[in-house]
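Hi everyone, thanks for coming.

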Amino acid sequence: PEQEEAYTYKEQFMFGDDILATAIVQPCDSLTGLADRRIWLPEGQWYDFATGMMYSGGRTLDLQYTLAENPWYAKAGSIIPMNPSDIENLQEPCNTLVLTFVPGADGTLSHYEDDGVSQDYKNGGAWTRISKVSEGNIVRIVIGKRMGGYEGAPADRAYELRLPAMFPPQSVKVDGKILEYARFAEGECWTYDAYTLSPIIYIGERSCSSELVVELEIPQEGLDRQDELYGLAGIFNRCMELTVEFKYEQGKRDAYLMLPVEYLKVSQCPNRILESPFDIYSSLDDYFVNLEKLFPAIDAMTLIGDEFKMKLKSQLFIEK
């Protein structure tokens, strides 16, 4: 509140301490399919959940988003508590806590709960301290014992831990025991979401009165190449709609011709990662080589019009 920009940029607001939310209030450009959003970011590092970009704050940025993207930004290192996606209303009982660990820094969360109904919160509720600390190539997540309590507080709880913009770990341990990787998550395991570049860890019910420790061992190459992951999620997701449009545009002249190999290797990169996350480094090498070739290949195409060429090039470039 001590900064003047907090008052002059009126189409954005803080949602709690760690999330800066905004809205798209400009029409999408008819050629690029992108809408402008001028955003002021306070000091610090901010992760853009719409595109997967990491931005330095203390400045104003002119960004662009598609109609399908909902821009919101979280402080690097913040830990965001959420409900699982199958919860349809907040009165529905839920015994799974989803925790999203925002990349870019270590962090802590004091997670508060009460019964959500009575006035007993005035006498205190329940608090759980959650932390993420990186030491070398080990990422350690500690979910502490629940302190305090409230009427109806569950004795046990399951967890879903998400770590966007992180390379697949070599190993995941829960309380010292190896957790197995699974391509299709079922039961206690960990998997990898290539469209958000996130290890996702599923942990069955544990006592809320006991500490829970999760350790991820990240390969050194993953630490060295961390910055490469920023912005990829946005391009991967944009390609899902662009591929349909590309086929339609090219099909006006040749319905049987495959899309350019450079585009296919860019747009299909997340699918290759999904199939073999431990080969992500070679998949990304191939992605970057073909992304560099893609724009000249698009310019040389005669089967698509100039307007669609502009849309492709505009949406497949997210400025860092």
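Let's begin with a contact between two helices: Arg238, Leu242, Glu245, Phe246 and Glu249 in α3 meet Phe308, Lys311, Leu312, Ser314 and Gln315 in α7. Sorted by class, this contact of α3 with α7 holds four nonpolar, two polar and four charged residues. Do keep in mind that what you see is a predicted model.

How do we talk about a pair like that? Two packed helices are described by the angle between their axes and the distance between the axes. For helix α3, residues 232-251, and helix α7, residues 306-315, the axes come within 11 Å and cross at roughly 165 degrees. Angles over 145 degrees count as roughly antiparallel, so α3 is roughly antiparallel to α7. The crossing of α3 past α7 is left-handed.

Now stay with α3 and look for its contact with helix α6, residues 280-300. At what angle do α3 and α6 pack? The angle is about 70 degrees, and the axes are 14 Å apart. The range from 65 to 115 degrees counts as roughly perpendicular, and α3 and α6 are therefore roughly perpendicular to each other. On the α3 side you can find Leu232, Ile235 and Phe236, which meet Leu284, Tyr287 and Phe288 in α6. By class, this contact of α3 with α6 has six nonpolar residues, with no polar and no charged ones.

That leaves α6 with α7. Here the packing angle is about 175 degrees and the axes lie 10 Å apart, so α6 and α7 are roughly antiparallel to each other. Phe295, Ile298 and Asp299 of α6 make the contact with Lys309, Leu312 and Lys313 of α7. By class, the contact of α6 with α7 is made up of three nonpolar, no polar and three charged residues.

Rolling a probe the size of a water molecule over the atoms shows where empty space is left. How many cavities of 30 Å³ or more are there? The count comes to one. The largest cavity holds about 70 Å³ of space. Its lining includes Thr128, Ile143, Arg157, Tyr159 and Cys208. Strands β14 (156-162) and β18 (198-207) each supply at least two residues of that lining. By class, the lining residues divide into four nonpolar, four polar and three charged.

How values were computed:
Residues are numbered from 1 along each chain as its sequence is written. This is a predicted model: local features need pLDDT of at least 70, side-chain atom pairs count only at pLDDT 80 or more; totals for chains, interfaces and linings use all residues. Side-chain values use heavy atoms; hydrogens and water are left out. Axes are lines fitted to C-alpha atoms, for helices over the stretch in contact, and angles run from 0 to 180 degrees between N-to-C directions. Helices (H or I, at least four residues) and strands (E, at least two) are DSSP runs, numbered from the N terminus. Angles under 35 degrees count as roughly parallel, over 145 as roughly antiparallel, 65 to 115 as roughly perpendicular and the rest as oblique. A crossing is left-handed if the near helix is turned anticlockwise from the far one by less than a right angle, and right-handed if clockwise. Contact means heavy atoms within 4.5 Å. Ala, Val, Leu, Ile, Met, Phe, Trp, Tyr, Cys and Pro count as nonpolar, Asp, Glu, Lys and Arg as charged, and the others, Gly among them, as polar. On a 1 Å grid over the protein atoms alone, a cavity is a set of points where a 1.4 Å probe fits but cannot get out, and a pocket is an open set with protein on both sides within 12 Å along at least five of seven lines; lining residues have an atom within 4 Å of a point. Grid points are joined across faces, edges and corners, and a volume is the space filled by probe spheres set on the points.
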